[in-house]
Amino acid sequence: MKPKHTKTKFQIEEFAEFFSAGEFAVIYHQLSEEFQSEIPFADFLHMSEEFNQGVEKYSLETLLSITSSVQQYIWVDSKRHKGISLFVESDGTIVGLELQLLEQQENICKTLRTYRMPINKEWLVLWGGTNALLNYHYPVLSQRYAYDLVIQRDESTYKEYGDELEDYYAFNQKVVAPAEGKVVAVVDGLKDNPIGDVDTEHPAGNYVIIDHGNGEYSLLAHFKQGSILVKEGDFVYEGKWIGSCGNSGNSTEPHIHFQVMNDHHLFTSESLQIQFTNGIEPIRGDYVIPTFS
């Protein structure tokens, strides 16, 4: 089965209206040739009609520049049960499309105290949010509400070709304490991965864990080797420089991993949804700046 011929081309911002109205033939014609060769129209039509059932409206959740020529759009339905992710080239061609049922969690555990992001300048939320489209950590209970932060300039996280760690804007940038507390764990001797390599044996790489009281512990991970400035037992105040961003552990490019959990054990704790000092709830694609209590 082939879609009826149409020359209609819509603006990507109108995608949700076309999808909810069942204009699947129009959408299919805007998919890349590679996409169409992998998914026949009949299959696309079936999965789209089935996914669309019971949905009144989709709203744009976030927009993120992946490269200078590709952007990601994420829409979520009004009940927050379903999400759609598009990867779109600058000419409007859809090169990636994902339809996903979103896991619903009841009784979300939030932090009792408030925190700031562990930064002292503007960073980009690469991953963060309360569903798997926004946050790839979400399916893992111990990391569910974690954030990955990078620095992006001119729609890129690196200069030149991005072959060297020093090409990345986040590399060697200051990481600061998100709130006052006592340092309870430090690892600082692991090498930074060359671009293209990861260390899966030490997922967090070089890291610091801080006890903030009330059963809340922050984890800051992927520090640059030898850059951590605190030791176990140290008391740190909010905003104290504790180390520099690196690429150690299970990290594909220099970034900060930040989460708050209910225990100091990395793999058996549960992630807590962070309440921030300024009341915001950052998600993938948001730029965040330092805030202070």
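Asn-172 counts as partly exposed, at 39% relative accessibility. Buried means under 20% relative accessible area, exposed over 50%, and partly exposed in between (1.4 Å probe, protein chains only). Asn-172 sits in the loop between β7 and β8 (174-176). Strands here are DSSP runs (E, at least two residues), as helices are (H or I, at least four), numbered from the N terminus. Asn-172 is not a glycine, yet its phi is positive, about 70 degrees. Most residues other than glycine have a negative phi.

This is a predicted model, in which local features need pLDDT of at least 70 and side-chain atom pairs count only at pLDDT 80 or more, while totals for chains, interfaces and linings use all residues. Residues are numbered from 1 along each chain as its sequence is written, and side-chain values use heavy atoms, with hydrogens and water left out.

Asn-214 also has a positive phi, near 55 degrees. Asn-214 lies in the loop between β10 and β11. At 58% relative accessibility, Asn-214 counts as exposed.

Now the interior. A nonpolar core is a set of buried Ala, Val, Leu, Ile, Met, Phe, Trp, Tyr and Cys residues joined through side-chain atoms within 4.5 Å. The largest one has 30 residues. Trp-123, Leu-149, Ile-242 and Phe-258 have the most contacts inside it. At least two residues of this core come from each of β6 (123-127), β7 (147-150), β10 (206-211), β11 (217-223), β14 (256-261) and β15 (271-276). Another core, of 25 residues, lies apart from it; Ile-27, Phe-44, Leu-45 and Val-55 are among its members.

Take Ile-242. Contact means heavy atoms within 4.5 Å. Leaving aside neighbours within four places in sequence, Ile-242 is in contact with residues including Val-175, Val-208, Ile-210, Leu-220 and Phe-223.

Next, the charges. Side chains of opposite charge can pair when their charged atoms come close. A salt bridge is a side-chain nitrogen of Lys or Arg within 4 Å of a carboxyl oxygen of Asp or Glu. The structure holds 3 of them.

Arg-80 pairs with Glu-61, the closest N and O atoms being 2.5 Å apart. Arg-80 is in the loop between β2 (70-77) and β3 (82-89), and Glu-61 is in strand β1 (residues 58-65), 19 residues apart. Arg-80 is partly exposed at 35%, and Glu-61 is partly exposed at 24%.

Arg-144 meets Glu-103 in a salt bridge at 3.3 Å, N to O. Arg-144 lies in the loop between β6 and β7 and Glu-103 in the loop between β4 (94-101) and β5 (110-115), so the pair ties together parts 41 residues apart in sequence. Arg-144 is buried at 6%, whereas Glu-103 is partly exposed at 43%.

Lys-231 bridges to Asp-234, the closest N and O atoms being 3.1 Å apart. Lys-231 is exposed, at 54%.
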